[in-house]
Amino acid sequence: METSRHLSLLTFVAALLCAGSAACETAYAAPAPKKAKKQPAAETVTPRLTVIVENAGDSLYVEPVNVRTEDRSQGSKLVKYADCIISSGGRWTVDVPDDGDLYRMTVVAFKNDTLFHDKLRERLQNAKFYIAPGEHLTLRGTLTDSVFYYEISGSPAYETFGKLRREGWVGYEIEQQQIYKQMSAARQANDATKYYALRPTYDRLDSLLKAAQVSAFEAHRTEPVAALLFLEIYSGDSISLSRYHAMSEAVRNGPYRQTLDAGMEFISERLESKDSYTRIQPGALAPDFTGIGLDSTLFNLHSLFGKGKYTLLDFGFLACAGCHAIVPELKAVYERRKEILEIVYVNIDGDDIWFEKQLWHYFRHPWISVSNHPSRDAVNVNIAYGLQAYPTLILIDPQGKIVWRGITNVGEMEATLDKLTRTGDTASK
């Protein structure tokens, strides 16, 4: 500091003038510094997740979900720019619990709060990844109108994954995001011709992307990165089961074990579901199940039977675009047929709080709406009804027998209902 330098100079000149006088030395000597009290060193806490996104505007949605408990309550919120630790250019730090559990992360960066729900549903523009216990990760991305490109770094497994992704399939991801954006616009404009014209390109890119990921998995299946690659490629088939067992025991029991175990549960469930699908067809009795309604009351399917009405089961989930698309048609059918038809929407998300908060915002059903949770309800509807795609529609006669089953085709369902009620014939067609 300038003041300290001037005081030192004055002291030096005074010492020369006093020619060594003890009194003078005492008068002009710099005062002895006071001993400062020793302060405990401040503990530096490294954020578990840092997000840096160019062109992200003023908002970021971060959803950490505990893989073990499926608890969204910790940290699930819309984070405002001013509420975060910020540097210029769109930088956030996110407090993810370090409680020994694995967390599944969803990050959505967007430019306008009003677009939030649309961006959350557009899965290809979300960053989805995992944070294992003790990991500290950084997500760096760039947001444009059609693409959210990002890289994740921090742990050795993610460094390797990032290299494989850059060299193998990121180009397919970017092209797929762009095509998906065009398909979404076509769907919103009710332009079916354009939507289905784009679909083959989307599917081709998806096949190329998956092939590159499978190739990377086969080359690295005994390394830690194999867990991350497996989570990208597994599905509910026997091939996925074989790939799981192809990973080394160290990988299967490593930091991503919780979600690998969840993946195995999903694979087992899907294999059971495929078996059920062959049996739960027109002519079969509809399996009973329970669920929780929006008013927290318990719902039981068989309580609707024997009252003279047909029942239409509509199985779906919040982020299902097709589930949203058929709602206007279902409302029209319900208005025409509600004297003879009861509709039950069955939400398979499994998170009652999320279901209750979001369902009416999107669907606003005038009929029965319930959620079915595998860990709470005795019957898992995915397995019991052999659900392979969504929305699955199942029409049941007043005695509880399935008379029609289909995917999205509301018109065909209504035609079947008309024929059955006109002839009084409830036999399977």
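Which residues of H7 are buried?

**View 1. Burial of helix H7 in the predicted model.** In H7 (residues 225–233), the buried residues (under 20% relative accessible area, 1.4 Å probe, protein chains only) are Val-225, Ala-226, Ala-227, Leu-228, Leu-229, Phe-230, Leu-231 and Ile-233. The helix is thus mostly covered, with eight of its nine residues buried. Their cover includes strand E6 (127–131), helices H4 (156–168), H6 (192–219) and H9 (249–252), as well as H8 and H10. Helices (H or I, at least four residues) and strands (E, at least two) are DSSP runs numbered from the N terminus. The model is predicted, with local features requiring pLDDT of at least 70 and side-chain atom pairs pLDDT 80 or more, while totals for chains, interfaces and linings use all residues. Residues are numbered from 1 along each chain, and side-chain values use heavy atoms, without hydrogens and water.

**View 2. Packing of H8 against H10.** The axes of H8 (residues 238–246) and H10 (residues 257–279), fitted to C-alpha atoms over the stretch in contact, come within 9 Å and cross at roughly 150 degrees. H8 is therefore roughly antiparallel to H10 (an angle over 145 degrees). Contact (heavy atoms within 4.5 Å) involves Ser-238, Ser-240, Leu-241, Tyr-244 and His-245 of H8 and Leu-260, Asp-261, Met-264, Ile-267 and Leu-271 of H10.

**View 3. The largest nonpolar core.** Such a core joins buried Ala, Val, Leu, Ile, Met, Phe, Trp, Tyr and Cys residues through side-chain atoms within 4.5 Å. Among its 47 residues, Leu-49, Phe-129, Leu-139 and Tyr-256 touch the most other members. H7 supplies the largest share, eight residues.

Conventions:
Axes are lines fitted to C-alpha atoms, for helices over the stretch in contact, and angles run from 0 to 180 degrees between N-to-C directions. Angles under 35 degrees count as roughly parallel, over 145 as roughly antiparallel, 65 to 115 as roughly perpendicular and the rest as oblique. Buried means under 20% relative accessible area, exposed over 50%, partly exposed in between (1.4 Å probe, protein chains only).
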